[in-house]
Each structure stands twice: as structure tokens, then as C-alpha cells.
Amino acid sequence: LAGLAEEASELAQAALKYRRALTGHNPTPISLQEAMSRLMEEIADVELYLDQLYFGRDDPLAKEINQTKARKLKRWKERLRE
């Protein structure tokens, strides 16, 4: 869990850095390509940790996570339509 928290924090920073490179607001010295590469690396790191928290689609935790994701995606789509 500590590793996941650390990688999630790094993912947040990489996402913000990518946004800065993308928009040019609060410029960053790294290129858009480098920012995207760093973002993809942090996504992979977080996914590796998440994969270790449950063992497969039949695991009760995985089912609960997928139900929560479906509910949140539905709500997100409704908000975007508004």
C-alpha cells in the first residue's frame, strides 16, 4: 500500500506536468513528448501495484471495484451531457 501511495503521488505529479506541457500555462522545460512518456510510465507503475491488490476478475474485491467504476462512469457521462 505504501508503494501504491508513492506511485499514485508520482502519477499525480506527472499528470500535472503533462498538463503544463500541453497548455503552456506555467511552462515546464520538458517537451510534450517527454511529459507524455513520464505520464505513461507512472500509469504503468500504478497499474502494476493495483494488479497486486486483487488476483483476477473472479476476486470479490475486483467485482466490487468494477461495480464502483461502472457507477462512477455512468455519473461522469451524465455530468458531461449536462
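A: What follows is a short exchange about a helix and its surroundings. This is a predicted model, where local features need pLDDT of at least 70 and side-chain atom pairs count only at pLDDT 80 or more, while totals for chains, interfaces and linings use all residues. Residues are numbered from 1 along each chain as its sequence is written, and side-chain values use heavy atoms, with hydrogens and water left out.

Q: Which helix holds Ala15?
A: Ala15 is in helix H1, residues 2-23. Helices here are DSSP runs of H or I with at least four residues, numbered from the N terminus.

Q: And which residues of H1 are buried?
A: Gly3, Leu4, Glu7, Ala14 and Tyr18. Buried means under 20% relative accessible area, exposed over 50%, and partly exposed in between, with a 1.4 Å probe and protein chains only.

Q: Where do they sit around the axis?
A: On the same side of H1, because they cover an arc of only 85°, taken from the directions from the helix axis to the C-beta atoms.

Q: What's on the face turned away?
A: The exposed residues Ala2, Gln13 and Arg19.

Q: What covers the buried residues of H1?
A: Helix H2 (32-53) is included in that cover.

Q: Back to Ala15: what does Leu39 touch?
A: Leu39 is in contact (heavy atoms within 4.5 Å) with Leu11, Ala14, Ala15 and Tyr18, leaving out residues up to four places away in sequence.

Key. Helices (H or I, at least four residues) and strands (E, at least two) are DSSP runs, numbered from the N terminus.
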